[in-house]
Each structure stands twice: as structure tokens, then as C-alpha cells.
Amino acid sequence: MHSFAYVKPSSLKEAGDFLRANPEARPLSGGMTLIPTLKARLAQPSHPVDLAGLNELQGIEVKGGTLTIGAGTRHVEVARSAQVREAIPALVHLAAYIGDPAVRNCGTIGGSVANNDPAADYPAAVLGLGAKVITNRREIAADDFFTGMFSTALEAGEIVLRIAFPVPKRAVYEKFPHPVSGYAMTGVFVAETAGGVRVAVTGAGPGVFRWSEAEAALGKSMAVDAVAKLAVAADGMNEDIHASREYRANLVSVLTKRAVAQIAGR
């Protein structure tokens, strides 16, 4: 087994300083990604740096039309939060169906966003709502944050502190879950925001992306008919033993229509 030294910092500053000084160290939040990759020997960090319990990463607050969720908040806490349900019900629904009970009770929103797994649910909400990712150094707009498969704009020693979601007029998340893991084979987040309609897709491609054609159509009419004839190209979609590229491309269309039908019916 690959050896490593476990580190439990007592403050956010201590964690950031350690990560900057040790390039091969990796932050550990809920451990839902790092631990399995360690077991499979797909990751070999010099030090897992445990961020759990840091006060700076906790809390849920709604203020001035913005819902702010601390990076250390577990999925189950989001799913059960009355504040989140009041502000953005779609986030409660999303969190309630992430993975399985073990994942929901251990995994955190910050870990999900920072890891940017192509099958993760939260990146769709962050991009779909045009949220801001606030780190120990700066604020990063969602459109600039996700840069590719398991890749983000985060730099060495940079830690996600919280996510700031603008409260939308209406929003819905629809996904087709993997039958065993519960992760998104394809998921679509549709939001009617102050800046217009945003449609974010996860699970279908190498990373979360916006479907601009659907956004333009729905900006003119929030109705299923507006997207009924639209389709995304299968080229570039993910393909595995569970679904072909064409299947996932079709799921994008189907789930978008389902989300729009829910929004239009409210």
C-alpha cells in the first residue's frame, strides 16, 4: 500500500499554508472521491489534509437574494435545510438524490465542486445558477471555474470556502441516475435567473457544460415546445458500458424537456 502522512490542520490558514508547501498533498473533505481512489491506487498524495470540522467551511445563509453554503456542508444537510428549501427548492431535490445514503452523509458540496467529477450533480447547479465559488484567495464565477474533466481553476493551496448561489426565479434539476451508484449518467439543471435562462448539463460529457441553444430558445419561451426539436451532437459525449454517446445525447434532450415542463407548470 502507498504510504502517506495524515494531516489534520486546526485552521484554514494552517491548511492553506501546508498545501502550498507540499505540492503532492491533497485536501480531504468528505472523502467520497479521495478515499476510493487511494484504495484503488489511482491517487498517491503525500499527505491527505483533512478539512472536516473547520469552522470557516460551515454554515448556510440567505441574504440579499443570495444563498451561501459553506464548502464543508454535507449533502444531507443541504437536503434537510429549510433555508435552502425556501430559497432554491431545486438544490434540496438535487442533494437528496446524490449517490447513496453513505455518500450523502459524508460527502460535502465543496468537495464535489472542487473535484469536478463529470458525473457529479453539484457542478450542474453551480453552473446552471451562475453561482460564485469563493476560495481563501478570490471569487470565481461558475463560467470560469470548471475547466475540464476533474479540472478546475483552483490553484495550488487554494481552498473552496463557500458557494454563493443567486436565488433564481424558478429552477429544476432532472437526472437519469446510474442504477447502482446513483451518480448522474446525465443530469440537466434549468434555471430562470435575473440574467436570463441557463441550462447546465452534467454526466453526459467530459465535464459540466451549458447548452446555449436551449438557453436561447427558452429565453424566448419557457415552454417544452421551445426545445422540442433541439438536440445536442453525440460527438464528444461520454460512452461506456452503461450508455452510448447517442443515448446520452438523447437524455440531454429528454431531461431538458422534463425540467422545462416542471418549470412551466409552476
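Helices (H or I, at least four residues) and strands (E, at least two) are DSSP runs, numbered from the N terminus. By that assignment, Phe150 lies in the loop between strand S7 (146-148) and strand S8 (151-152). The structure is a predicted model, in which local features need pLDDT of at least 70, side-chain atom pairs count only at pLDDT 80 or more, and totals for chains, interfaces and linings use all residues. Residues are numbered from 1 along each chain as its sequence is written, and side-chain values use heavy atoms, with hydrogens and water left out.

Phe150 is not a glycine, yet its phi is positive, at about 55°. With a relative accessibility of 45%, Phe150 counts as partly exposed; on this scale, buried means under 20% relative accessible area, exposed over 50%, and partly exposed in between (1.4 Å probe, protein chains only). A positive phi of about 55° is also found at Asn116, likewise not a glycine. Asn116 sits in the loop between H7 and helix H8 (122-128), and it counts as buried because its relative accessibility is 1%.

The loop between helix H6 (101-106) and helix H7 (109-115) holds Thr108. This residue counts as buried, its relative accessibility being 8%. Its side chain makes a polar contact of 2.6 Å with the side chain of Ser29. A polar contact is a pair of N or O atoms within 3.5 Å; within protein, one must be able to donate a hydrogen and the other to accept it, and residues adjacent in sequence count only if both atoms are side-chain atoms. Residues up to four places away in sequence being set aside, Thr108 touches Ser29, Gly30, Ala71, Gly72, Thr73, Arg74 and His75, where contact means heavy atoms within 4.5 Å.

Strand S11 (residues 184-193) contains Glu192. The side chains of Glu192 and Arg170 are joined by a polar contact of 2.6 Å. Beyond its neighbours within four places in sequence, Glu192 is in contact with Pro168, Lys169, Arg170 and Met222.

The aromatic rings remain to be considered. Rings of Phe, Tyr and Trp (its six-membered ring) pair if their centres lie within 6.5 Å; planes under 30 degrees apart count as stacked, over 60 as edge-to-face and the rest as tilted. By this rule the count comes to 3 aromatic pairs. One of them is formed by Phe145 and Phe146, edge-to-face, at 5.0 Å centre to centre and with 90° between the planes. Phe145 has 0% relative accessibility and therefore counts as buried; Phe146, at 13%, counts as buried too.
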